[in-house]
Amino acid sequence: MCTVCGCAEGETKLESGHAHGHHHHHHDHDHDHDHGHEHVGPDGKVYRHTHGHHHHDHGHEHGHDHGHDHGTIDLSRGPAGTEVPGLSQARLVTIEQDILAKNDGFAAVNRQLFAAKGVFVLNLMSSPGSGKTTLLTRTLTDLKGRFPMAVIEGDQQTSFDADRIRATGTPAIQVNTGKGCHLDAQMVTQAVGRLGIEDDSVLFIENVGNLVCPAGFDLGEAHKVVVLSVTEGEDKPLKYPAMFAAADLLLVNKVDLLPYLTFDVARMIDYARRLKPGLRVIEVSATGGQGLEEWYAWIEDGLDKASARR
């Protein structure tokens, strides 16, 4: 499952890392215990349901190869957001605070490291198919030689995107989250330790394609950047408000396709700014080149400020 929020099962792996599974084991026990099941609802809260039963004194063998582990968070255990009888709001808040507090502790460590080294860190987020990786590889190619850059690439499986990034000559490390739907601050801490980052550089963190969970997890970045393509629905900001409310910059991608679409850019921007008044918006095309110089200037300005504070 995700190492912090437990939103799915599986284990996170850095490249060349190894996942460890449970083995069969034998034990005797005579005790009562609860099996807990938790899931994350669309409101971002974690709901937990427990049920107890008694094991009599007997020996038996069992493997943890079934669909869930004791005490794990399992989205399959019920409809997301379902209220659980007997579960107080105070308990929900405590669970949510515990999850985010752990993440925020690692994020604070990351932020201190980045500040000490003058690193400008961007957390790139989008839904799948927005053209985020294409935009990133174009950015890395165009900015090569101006200043040092590196990339942490998040995906559930494969190293395809990291391979594309390394083909530009930029150092990159792949973080595979398994069934996990986002990167968290501890994953970034581990990735930075493996990747290494230069002083006065730009670090791009390309998050898992998802407009829900990544918005809630601070990675220690300077800015959250959301990429939304014109091939998506213009109502995306209203459907995924937490993401756009958290964003510092909105990149409207694939604008070269606008002549062939009915996408209303002004309406989409209005929706986004209802959630985040004054949100900076840059319209870009990774293939046609529109708006890229404005995007690059924004990056360079951020790096200059990060370096000056070091």
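**View 1. Arginine 267 counts as partly exposed, at 40% relative accessibility.** Partly exposed sits between buried, under 20% relative accessible area, and exposed, over 50% (1.4 Å probe, protein chains only). The side chain of arginine 267 meets that of aspartate 264 in a salt bridge, 4.0 Å from N to O. A salt bridge here is a side-chain nitrogen of Lys or Arg within 4 Å of a carboxyl oxygen of Asp or Glu. Aspartate 264 is partly exposed too, at 30%.

This is a predicted model, where local features need pLDDT of at least 70, side-chain atom pairs count only at pLDDT 80 or more, and totals for chains, interfaces and linings use all residues. Residues are numbered from 1 along each chain as its sequence is written, and side-chain values use heavy atoms, with hydrogens and water left out.

**View 2. Eight strands form an open sheet.** Their order is S1-S6-S5-S7-S4-S8-S9-S10, and the pairing is mixed. Helices (H or I, at least four residues) and strands (E, at least two) are DSSP runs, numbered from the N terminus. Two strands pair if DSSP finds at least two bridges between them. Strand S1 (13-14) and strand S10 (280-283) are the edges: each pairs on one side only.

**View 3. Strand S4 and strand S7 pair in the parallel sense.** S4 covers residues 120-126 and S7 covers residues 202-206. Five bridges join them. In one of these strands, S7, leucine 203 is the bridge partner of valine 121. Strands of a sheet pair through backbone hydrogen bonds, either parallel or antiparallel.

**View 4. Aspartate 142 forms a salt bridge with arginine 138.** Their closest N and O atoms are 2.8 Å apart. Both residues belong to helix H2 (residues 132-143). They are four residues apart, so about one helical turn separates them. Aspartate 142 is partly exposed at 29%, and arginine 138 at 27%.

**View 5. Lysine 276 forms a salt bridge with aspartate 248.** The closest N and O atoms are 3.7 Å apart. Lysine 276 lies in the loop between H7 and S10, and aspartate 248 in the loop between helix H6 (241-246) and S9, so the pair ties together parts 28 residues apart in sequence.
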